Number of protein chains: 2
Amino acid sequence: MIMGKTQSFQIEFQPVGRRDRFPAELSILECARRSGIDLVSLCGGAGTCGKCKVQIVSGEVSEPCQKEKEALSAEEISQGYRLACQTYAQTDLVLTVPAESLSAPQRLQVEGLETPVTPDPTIQTYDVSLPAPSLSDLRGDDERLLEALEQQHGAVCESIDEEVLRTFSPALRSLTWEASVSVRDAEVIAVGPVGGHSLGMAVDLGTTKIAGYLVDLETARTLSAKGIMNPQISYGEDVIARMARAQRSPEDAATLQEKVVEALATLSEELCHEATDARPEEIKELVVVGNTAMHHLLLRLPVEQLARAPHVPAISRALDIKARDLGFSVAPGASVHLLPNIAGFVGGDHVAMLLAVNAWEAEGPMLAIDIGTNTEISLVMHGEISSVSCASGPAFEGAHISCGMRAAPGAIEHMLITGQEIQYHTIHGTEPVGICGSGIFDTLAQLFLNGIIDKGGRIRADHPRVRENQKGREFVIVSEEERNGGSAITITQADVRELQLAQAAIRSGIQILLRDKGLADEDLDEIIIAGAFGSYLNISSAIAIGMFPAIPVSRFRQVGNAAGMGAKIALVSREKREAVQKGVRAIRYIELAVAPDFNKTFTQALSLG
Amino acid sequence: MIMGKTQSFQIEFQPVGRRDRFPAELSILECARRSGIDLVSLCGGAGTCGKCKVQIVSGEVSEPCQKEKEALSAEEISQGYRLACQTYAQTDLVLTVPAESLSAPQRLQVEGLETPVTPDPTIQTYDVSLPAPSLSDLRGDDERLLEALEQQHGAVCESIDEEVLRTFSPALRSLTWEASVSVRDAEVIAVGPVGGHSLGMAVDLGTTKIAGYLVDLETARTLSAKGIMNPQISYGEDVIARMARAQRSPEDAATLQEKVVEALATLSEELCHEATDARPEEIKELVVVGNTAMHHLLLRLPVEQLARAPHVPAISRALDIKARDLGFSVAPGASVHLLPNIAGFVGGDHVAMLLAVNAWEAEGPMLAIDIGTNTEISLVMHGEISSVSCASGPAFEGAHISCGMRAAPGAIEHMLITGQEIQYHTIHGTEPVGICGSGIFDTLAQLFLNGIIDKGGRIRADHPRVRENQKGREFVIVSEEERNGGSAITITQADVRELQLAQAAIRSGIQILLRDKGLADEDLDEIIIAGAFGSYLNISSAIAIGMFPAIPVSRFRQVGNAAGMGAKIALVSREKREAVQKGVRAIRYIELAVAPDFNKTFTQALSLG
């Protein structure tokens, strides 16, 4: 018997950029797995959880089956959305994997989405040819360099960075007077061999994670993207703890700063390594965005006035500082640009997010929400922006929750209750060990939607997975037996209370913003959800429990790490960067503590649904 | 017998500023000594050497005696010049001590002559009153500070120095929001208590000595002046040795830089101590001038290209650098301004001297000469300036001369030969131990004028103080017997050769400059001699040996430490500082090595007379 040649097709996964050839009989979910792309799947490929959505960009696939018609809306199907587990290639394919279909650790890899910004960097790089000095030309090396820039490129510079001054004389001689010269704001900031790169690095400096993007400044193309843990974490889990640590002594503050700079150095090396043929010395500028605490700790600014009421930043304006002054070695004269802060608890990361979603040019009414321990929310209307900061607490990040954990292998990141059945998906598909933020949130929503908790958040006794012990009632997600004798993974009554407080903080922030402009929920054209946690959460569940306004799901947009995108935009576009500085000054910041009826609003928001 | 009350008068010595009451029977020379002012006197008060000249500003003194009429010109007497040793007060007096009448170590004290410059400093200081933050005013501290500056003083600032950012938040709180704020170029550079000083420090960074002036920036008044040794001296006597040392390793270069910065720190503390009620933290700006080697070593710039032909500086433009970047602690955001360099061997100290003598506004033709190991000469004509650098060598500073030494106690600093008689004056009047620069120069001139050496520099055998040993002929200034068995202090034939080379280098530089403009000696309206050595030398002698053009002595002006004066002018006047930057670019630098007929000119200049 002669074996027929198995039919196979090439499938390209966007924006990850992986491409491979697969046998026709494999589902797209299986093809993705073989490509190393970890798509979320709660039902294990049964077509019921609806998590493994992909969008077909080009090529032919199998017809939508009944399960897909149930899991997807008609609009989604018309836009090419399909469930990867139910779909088979019939020709070569190009398809897009939405961020929410990816498991958490992979999401950081794709967050560096290319943004459609015209490159207009603050750094300009020119190739120049200089006259060597001689007895008839005894000018200083600075004069011959500045003259060449002006004569050969019309680039009038006023000064040369002092660190460049310390190296450029021997450098020009070893380059036999042919050099590539980088200029920023009429200052020469680097002199190197002709043909080098002009690179920039955008950094989203989060309390937990640091995301870095290596960008070609001339094309605005991202060459590599990478996320690492913020090493300050061993000096305090959250910003409050870290500010307290920094206040202990100047040495503590210095250590916190050095740790983060070491991480940036590692990140820059890894980004260059990944991009191949790039060197940290070619990084000519950085844009760093972070919350005000991360911002202050990086700059070694005092945090007393930030940690104590009324919580004001030392500096709210944008700032440019030489990278070397932070102890960070890249190009000799490279500087770090920090976006402005809006208020004590609304930092440059939120500003970057507003930049990424084009808030200053949006019509609105639109909400832009950054969910975290502190949740920043801005309401955009005709280019006018008002902002609040909500103390949503660390519950959504797994802290203060009995079985909470970070988004790491084994963390339950999605969860579905169908009657007495529980389905869940762990990161990397390994054995469950705890619940991370998005899983915790899903659990709250699923408990409420299935009537296992009531509007007041009380766990009802009548579900088989609910049990009671000395701490009170708890809902068992994974029992001791299911873990082969390990401790159970549960959500306790106390956990539910924590989550209620968190969602009420966010909901009341939204209410205050809407009321301030006389808007109702349904007036909102769009709600943008940014940040790691925000990308994972199930919008329908969030609406169901009442955290988000009950507007059609299609008006929501989960944009992933918008802060990192905003940092990249500010890195490659001088125009956008300047616009943001003006824009931020016009933002109306509303302090919830003194907002009318805040307490009443918050109390009402504690009710689920 | 009843003793009559001795008559006494008050005498004020300017510009030293000392004032005291003295018995009428003391000569002014003796009064000066009792005041601690060490006037030069070779003849011990006999009225023959003419060195103790003073000028009477107000009050009555004794009639000029015969000796004074011989030692002083009629013009001098009409201007109030008198010999201190022959003159007695008849009323209270105010008199001026010309720099050349003072012994060397004192001269540094008075070099900080007040200059008639309208204060127009780059630093502005304002008292501001800020609103404290509250729940209804949550702006960053930067915003409230910058707004107060603008609203209360119309001072629009763009940024706050990063070191100020690190301290101003707690500072403003401890000052209960009332502060004195210093601004430079739209940047806030210091925040302190209301009522503090706004100080500046001008520094003439010499190879041997560092002269510092503490200046009140608001009044342009010098509060204190002080000179200290340049501690780099232990790493090399001259600039060549120090540049070689810096090239050995980056650590050597760093050490040289640190040494000089330590000296500046000491100097700033001593200046503040002397001024009383001043603190180094109140120093808001420095202006440092020095030769290109001192300039490069201070900034840790590479010196390879400066040490090797064709000897070009890394940077010739003016530079502003934060003091902290040099490792120097003054006000947090204080910067150091370095005047531009003209060429590899014509540095900011010569520029400062040109500024002090108002070269850019002078009619001329005028020569401005800075004598040292390297002698810089500029010819000024209708505001146009051409400059040369002459390798005059260290002979005038006592190096390469058998009995040469620095200007220290016991150094012969003035010398006179009358027939077979020798008269000399040592610094502090102590026993002679060697000859310093001005004494060496005097000796050469006296030997020539007394026919003891001929035009070619050959020591003639027929003077009783000339003797011959295995090294050749030498002239004995102080014999072994006169030193009670110590070694003799002599000038050898080899010393005379060294001095001939030195004077020829200077003379030929002058010749080339004059010839370049088609000028003859007698066309010169003025010759300004600056620098420590230049203030001590006897102009008539210099003319006699042929080093200086033979024009009337009255056309010469010895201005002392003009570089330090120029630094002070640049410190207190933004307008002058800016004018200098333009002015320097227009200077025509003539490289002697390629000047027409340089060798011939030099050979001719070797002849004395």
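Two strands count as paired if DSSP finds at least two bridges between them. Helices (H or I, at least four residues) and strands (E, at least two) are DSSP runs, numbered from the N terminus. The model is predicted: local features need pLDDT of at least 70, side-chain atom pairs count only at pLDDT 80 or more, and totals for chains, interfaces and linings use all residues. Residues are numbered from 1 along each chain as its sequence is written, chains are lettered from A and ligands numbered from 1 in the order in which they are written, and side-chain values use heavy atoms, without hydrogens and water.

In chain A, three strands form an open sheet in the order β20-β19-β21, with mixed pairing. β20 (421-426) and β21 (434-435) of chain A stand at the edges, each with a single partner strand, so one side of each has no neighbour in the sheet. Strands of a sheet pair through backbone hydrogen bonds, either parallel or antiparallel. Strand β19 (residues 411-418) of chain A runs parallel to β21(A), and 2 bridges join them. Here I412(A) stands opposite I435(A) of β21(A). Helix α13 (residues 437-449) of chain A packs on this sheet and touches β19 and β21 of chain A. Contact means heavy atoms within 4.5 Å. The direction of α13 makes about 15° with that of β19(A). Axes are lines fitted to C-alpha atoms, for helices over the stretch in contact, and angles run from 0 to 180 degrees between N-to-C directions.

Chain A as a whole holds 19 helices and 27 strands. Its radius of gyration, taken over C-alpha atoms, is 26 Å; the globule rule gives 25 Å for 609 residues, so chain A is as compact as a globular protein of that length. That rule is 2.2 Å times the number of residues to the power 0.38. The C-alpha trace of chain A spans about 95 × 80 × 50 Å along its principal axes. Of the 609 residues of chain A, 59% are buried. Buried means under 20% relative accessible area, exposed over 50%, and partly exposed in between (1.4 Å probe, protein chains only).

In chain B, R82(B) is found in strand β4 (residues 81-83). R82(B) is buried, with a relative accessible area of 6%. The side chain of R82(B) makes a polar contact with that of E68(B), at 2.8 Å. A polar contact is a pair of N or O atoms within 3.5 Å; within protein, one must be able to donate a hydrogen and the other to accept it, and residues adjacent in sequence count only if both atoms are side-chain atoms. The backbone oxygen of E63(B) lies 3.1 Å from a polar atom of the R82(B) side chain.
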